Amino acid sequence: MPTTAHPKTYRVKSFGCQMNVYDGERMAELLAEKGIVPAPEGEEADLVVLNTCHIREKAAEKVYSDIGRLVKAGRLAGKEPLIAVAGCVAQAEGEEIMARAPAVSMVVGPQAYHRLPEMLDRAVAGERATDTDMPPIAKFDALPPRRKSPPAAFLTVQEGCDKFCTYCVVPYTRGAEISRPYKDLVAEAQRLVEAGAREITLLGQNVSAWSGEDAKGRAVGLAGLIRDLAEIDGLARIRYTTSHPADMDDALIAAHGEIAKLMPFLHLPVQAGSDRVLKAMNRSHTAESYLRLLERFRAARPDIALSGDFIVGFPAETEAEFAETLALVDAVGYAQAFSFKYSPRPGTPAATMEGQIAPEVMDDRLQRLQAALNRDQHAFNRASVGRTCEVLVERTGKRAGQWLGKSPWLQSVWFEGEAAIGDLVTAELVGAGPNSLAGKLRETVAA
Ligand code: SAM
Ligand code: SF4
């Protein structure tokens, strides 16, 4: 590759899960340390990082079409950008990307992106570089301190997965489960709050599997970490995602009833309502054990809002088994949920299982499931009308004087009046749509 000018502007495009959003923010910070600034809206960037997701179909194809679009736009603007592919597609298909896309000069996996600045120097000198090593902790130690934070920030506390659900690529692209050390997390949370965060969502592919040693050397789980983070002045709210039913312990359930800063919200993926399907998925729970677990959370925190993930059309799923998923949805009454068509992922056991389901059957099941989930989400929102609650203001709304924030139950709430981004205001919820609520401002709560 020919040498190129050192980039002055960057754009990081993150796809997929919140952990990718976190990684994208950290890569942006690394580039900022090198004096590179975000490209102004509407302008082509000198350096583009595509922070990819491999969880479902067409992710890789999407990367190639994005690269093609960037090259074309760059040519039209008279400058072709340096392109880095990061994230899980980079991890899974790094060599192929280098072979198929000559416009890409850097491929960097999710555990290696702390080396991006050094790879960038090599790319500027005309050398193409791939780094998909997996030394998990090195990355966090090498990242610069957080300087700026949105009011609602993410903090990755745990990475990787040892659960090996038969449909999922995460154990292969993100590696084995590791927990970041307690003291690093407390320090990063403290810095996030100093940098403007009022809410922190603790992230992990299996966040409830986090474990560590607290400041006194005692073994603690996620509940212990949350308890100590709740002591940070200026931090008003704590959330965590994503949990696995196998790792939910008594301490975490109790924490929901005891720690005021821990928000009344739980995202607990179930995937399916049929025990045969759950077994074939290598999930360690049954529909019944999942429902019992939710009951314990509801007993600890009666107003807790529940969320989940679902997959329809797992190999050999019958109509009767799908009906069990619908029955589970009816039994839970989710406040919100994510639902997906099963997507065969190369290298996973389910991809070669008998009985792959026809696309039109999956479409039909997804539609019926989403109708049920949307019905319940709307019902949950309608049941919230009349409540007065705190709303964390995250951004301006579409109209002048309008603000958008989140309720404790993770609902989007818009309202009008005197406020600023980062304020915690008290609002009465006065109207409900399927995806958001209207609020009436009551007061702004001091920081
Ligand atoms: N570790 C978390 C868990 O167990 O729920 C989340 C992992 S994954 C990033 C998020 C969701 O993607 C999963 O809960 C599952 O519903 C969905 N998913 C994963 N692999 C999939 C596949 N091959 N096809 C369709 N959906 C998939
Ligand atoms: Fe994937 Fe299952 Fe691990 Fe979640 S628990 S990341 S779905 S293998």
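Which handedness does the crossing of H2 and H3 have? The crossing is right-handed. This report on a predicted model starts with that pair, then turns to other helices, the ligands and some backbone details.

**Helices H2 and H3**

H2 spans residues 59-76. Helix H3 covers residues 87-100. Their axes come within 11 Å and cross at roughly 45°. That angle makes H2 oblique to H3. On the H2 side, the contact involves Ala59, Ala60, Glu61, Val63 and Tyr64. These meet Val89, Glu93, Glu96, Ile97 and Arg100 in H3. By class, the contact has 6 nonpolar, no polar and 4 charged residues.

Cys53 sits in the loop between strand E3 (47-52) and H2. Leaving aside residues up to four places away in sequence, Cys53 touches Phe15, Gly16, Asn20, Ala59 and Val89. Leu120 is 67 residues from Cys53 in sequence. In space, the two are 22 Å apart, C-alpha to C-alpha.

| Pair | Residues | Angle | Axes |
|---|---|---|---|
| H7 and H8 | 182-194 and 222-229 | roughly 35° | within 11 Å |
| H11 and H12 | 287-300 and 319-332 | about 10° | 11 Å apart |

Take H7 and H8. Their crossing is right-handed. Tyr182, Leu185, Val186 and Ala189 come from H7, and they meet Leu225, Asp228 and Leu229 in H8. This contact divides into 6 nonpolar, no polar and 1 charged residues.

Now H11 and H12. The axes pack at an angle of about 10°. The two helices are therefore roughly parallel to each other. H11 passes H12 in a right-handed crossing. From H11, the contact takes in Ala287, Tyr290, Leu291, Leu294 and Arg298. From H12, it takes in Leu328, Ala331 and Val332. The classes here are 7 nonpolar, no polar and 1 charged.

**Around the ligands**

Ligand 1 has 15 residues around it. Gln205, Pro269, Gln271, Asp309 and Ser343 come nearest. A polar backbone atom of Gln205 is 2.6 Å from a nitrogen atom of the ligand. Asp309 uses its side chain: a polar atom there lies 2.6 Å from an oxygen atom of ligand 1. Ser343 uses its backbone, with an N or O atom 2.8 Å from a nitrogen atom of ligand 1.

Most residues other than glycine have a negative phi, and most peptide bonds are trans.

Phe164 lies in the loop between strand E8 (158-159) and helix H6 (170-173).

Thr242 belongs to the loop between strand E13 (237-241) and helix H9 (250-258).

Conventions. Residues numbered from 1 in each chain as written. Chains lettered and ligands numbered in written order. Predicted model: local features only at pLDDT ≥ 70, side-chain atom pairs only at ≥ 80, totals over all residues. Heavy atoms only, no water. Axes fitted to C-alpha atoms, helices over the stretch in contact; angles between N-to-C directions. Helix = DSSP H or I, 4+ residues; strand = E, 2+ residues; numbered from the N terminus. Parallel < 35°, antiparallel > 145°, perpendicular 65-115°, else oblique. Left-handed = near helix turned anticlockwise from the far one by under 90°. Contact = heavy atoms within 4.5 Å. Nonpolar A, V, L, I, M, F, W, Y, C, P; charged D, E, K, R; others polar. Near = heavy atom within 4 Å. Polar contact = N/O pair within 3.5 Å; in protein donor to acceptor, adjacent residues only side chain to side chain.
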